[in-house]
Structure formats: C-alpha cells, structure tokens
Amino acid sequence: MEKAFLQNILAQNKMTSSYSFDRISNENAGFRLNKQTASIGFIYRHIGETMNLFTGFFGLTTGVQNTTMGQTDTGQGKNVEQSRELVNNGYDLLTQLIETTPAEDWLGMIDTPFFGKVTRVRLFSHILFHNSHHAGQISLTLAKGGTMS
C-alpha cells in the first residue's frame, strides 16, 4: 500500500469533515436533531474518542478513555475545545500510522471485537468512513436541529 495513496485519502477525509467540524462551537454543541438523538457535542467527542481508541488496535497507546461508545449522551461533549483536541490528535495518529507502517503490513490482519479479523487497511478505512458518517449527522443537525427542551 503506497503511502501517498493513504495520505491522500486521509487528507480528503480531513477536508470533507472539516466543513462540519469547523462549524461546531460552544453555542451549538447542545443542538440535537430531535430529543432522541445525541447532541452535536457528544457526536464530535465520540469521533475524537473513536479515532484515538481505534488506533490502539494498530499498537498505539493514547490514554483516551471511552465516554461515548455505547453510551447515552449525558453532556460528555460540552467541552468543544477538548473534543477538537481529540479529533486533531486522532488525525495526527492516523498520519503517524501511515508514516510508520510498512507497505506490506497494511494487508496484515488485526483482531477486533467489532468486526473480527480484518486487514489494517480495512480498519483504517473504517475510521475514516465513521468520521464521514458522523460529520454528516453533525451537518444535518446544524442545518435542521436546535436546542431541545
């Protein structure tokens, strides 16, 4: 797997997601699409936590604790700057993986509790698809959501 290929995919994910991520603020972090959905802040924090935690399957250690995966939104995403830091750190870790993983290792298998055994490149791409999925949720909530009393 050529590094330039993965670098381009990562750069595109970062750019596309930034259209949603850059609009997140303390003022709109509490917005929800409806009363049953998670807030923008929770989703944003979830993205950052997931990026950091999933790099653990590649052998990286971050010290990030899960407060969102499988959890209900109880206000974990109120600190937008902390979430932004998690997301930026996640992108830095993915960049590091691209730089340090030998080409032949990308097709090597990783055992995960979510998908079973998958190749490294499949897990890497899942992280990016996950980002895009949630960036879309955030964008929709920014456009159609609001505070829910």
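Select Asp73 and Arg32: they form a salt bridge, with the closest N and O atoms 3.4 Å apart. This pair links distant parts of the chain, 41 residues apart. Asp73 sits in the loop between α2 (40-54) and α3 (80-100). Arg32 sits in the loop between α1 (3-21) and α2. Colour by accessibility: Asp73 is at 13% relative accessibility, so Asp73 counts as buried. Keep in mind that this is a predicted model.

How many salt bridges does the structure hold? There are 3. Two stops cover the others.

**Stop two: inside α2**

Select Arg45 and Glu49. Their side chains meet in a salt bridge, 2.8 Å from N to O. Both residues lie in helix α2, 4 residues apart, about one turn of the helix. Buried or exposed? Arg45 is buried, with a relative accessible area of 12%. Glu49 is buried too, at 0% relative accessibility.

**Stop three: inside α3**

Move to Glu81 and Arg84. Here the side chains form a salt bridge at 3.5 Å, N to O. Glu81 and Arg84 are 3 residues apart in helix α3, so about one helical turn separates them. Arg84 counts as buried because its relative accessibility is 18%, below the 20% cut-off.

**Stop four: the hairpin**

Switch to cartoon and select residues 109-112 and 116-119. These are strands β1 and β2, paired in the antiparallel sense over 4 bridges. A hairpin of 3 residues joins β1 to β2. Finish on Thr112: its bridge partner in β2 is Gly116.

How values were computed. Residues are numbered from 1 along each chain as its sequence is written. This is a predicted model: local features need pLDDT of at least 70, side-chain atom pairs count only at pLDDT 80 or more; totals for chains, interfaces and linings use all residues. Side-chain values use heavy atoms; hydrogens and water are left out. Two strands pair if DSSP finds at least two bridges between them. Helices (H or I, at least four residues) and strands (E, at least two) are DSSP runs, numbered from the N terminus. A salt bridge is a side-chain nitrogen of Lys or Arg within 4 Å of a carboxyl oxygen of Asp or Glu. Buried means under 20% relative accessible area, exposed over 50%, partly exposed in between (1.4 Å probe, protein chains only).
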